[in-house]
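Here are a few exercises to work through with the model open beside you. Try each task before you read its solution.

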Amino acid sequence: MNADAVPPRDNPSEGQSTGATEEKWGYDLYPERRGDKYKPSLSSIAWKGEGREHIDKIKCERNVWNCVQKSPIIKLMMASLKSAGCEIDIRRHISCEVCDVSVSGGYDPELNQVVVCQNVARSEGMTQGVLAHEFIHMFDYCRNKLDFKNVEHLACTEIRAANLTHCSFFSAMGQGDASPFHIAKAHQDCVKNKAAASVMAVRRVSKEEAMEVVNRVFDKCYNDLEPIGRRVRRNSFDMQKAYSERFIYGYDD
Ligand SMILES: [Zn+2]
């Protein structure tokens, strides 16, 4: 299971399976993945307002549907997955579930499913972010037969996901009067930190160990821009451009 930490938190320490003697590969963060349906107790319904997970699921599925229909970046990525021979059936490959609150989404390679955490990723924008990020993992798994238990493979796909989605969104916001050199440096730092945090969310490694493996594979993975072809900046035409140029990369719709 490849877990992805909630975006504003760069250090998802709660996501680590501390105290366990064997690796859980992140499955502990997704109770419904273990076959347990999330069942709130009667007292938690009464006292904490839980028991609304069926409403959350309907909202989450509607957000997913809207992204699939309207979001250029999501449509591009679905087209690229299809042309790589990994066509997405949204009923089969995308699942809205209750997760640990330290994660917003994940990719389960055993079932080839993207998990959207319905109790965390509540807005359409956040759902788009989760889908875009997890589709990069799905693409890498499909294209390269990625082994998520190999920490270098894991670091590489997290670098690619952070580079192509998360950090490109954020770096565009803070550009202002920064010099191009500083933007490039800030972008690389964002990718390294985000990728290391994602590695730490599923593997019991220290920040130093996570950063070390990220640095080891960084150049190769940072420069691999498939399937988007360019880093996507929010509030720019990049998303539309990437989608309209999908034919150049050999993706048909
Ligand atoms: Zn990830």
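**Exercise 1. A helix length check**

Work out what span the 21 residues of helix α5 should have at 1.5 Å a residue, and compare it with the distance between its end C-alpha atoms.

Solution. Keep in mind that this is a predicted model. Start with the limits: α5 covers residues 124–144. The expected span is 1.5 Å times one less than the number of residues, so α5 should span 30 Å. Now take the end C-alpha atoms: they are 30 Å apart, which agrees.

**Exercise 2. A helix pair**

Describe how helix α3 and α5 are arranged, using the distance between their axes and the angle at which they cross.

Solution. Two packed helices are described by the angle between their axes and the distance between the axes. For α3 (residues 72–83) and α5, the axes come within 10 Å and cross at roughly 15°. Angles under 35 degrees count as roughly parallel, so α3 and α5 are roughly parallel to each other. As for the hand, the crossing of α3 and α5 is left-handed.

Next, who touches whom? From α3, the residues are I73, I74, M77, S80 and L81. They meet Q128, L131, A132, F135, M138, F139 and C142 in α5. Sort this contact by class and you get ten nonpolar, two polar and no charged residues. The spacing of such lists is worth a look, because residues three or four places apart in an α-helix point the same way.

**Exercise 3. The whole chain**

How many helices and strands does the chain have, and what percentage of its residues count as buried?

Solution. Count the elements: nine helices and four strands. From the N terminus on, they run β-α-α-α-α-β-β-β-α-α-α-α-α. For burial, 42% of the 253 residues count as buried. Finally, among contacts between residues at least 6 apart in sequence, 66% join residues at least 24 apart.

Technical notes
Residues numbered from 1 in each chain as written. Predicted model: local features only at pLDDT ≥ 70, side-chain atom pairs only at ≥ 80, totals over all residues. Helix = DSSP H or I, 4+ residues; strand = E, 2+ residues; numbered from the N terminus. Axes fitted to C-alpha atoms, helices over the stretch in contact; angles between N-to-C directions. Parallel < 35°, antiparallel > 145°, perpendicular 65-115°, else oblique. Left-handed = near helix turned anticlockwise from the far one by under 90°. Contact = placed C-beta atoms within 7 Å. Nonpolar A, V, L, I, M, F, W, Y, C, P; charged D, E, K, R; others polar. Buried ≥ 20, exposed ≤ 12 C-beta atoms within 10 Å, placed from the backbone.
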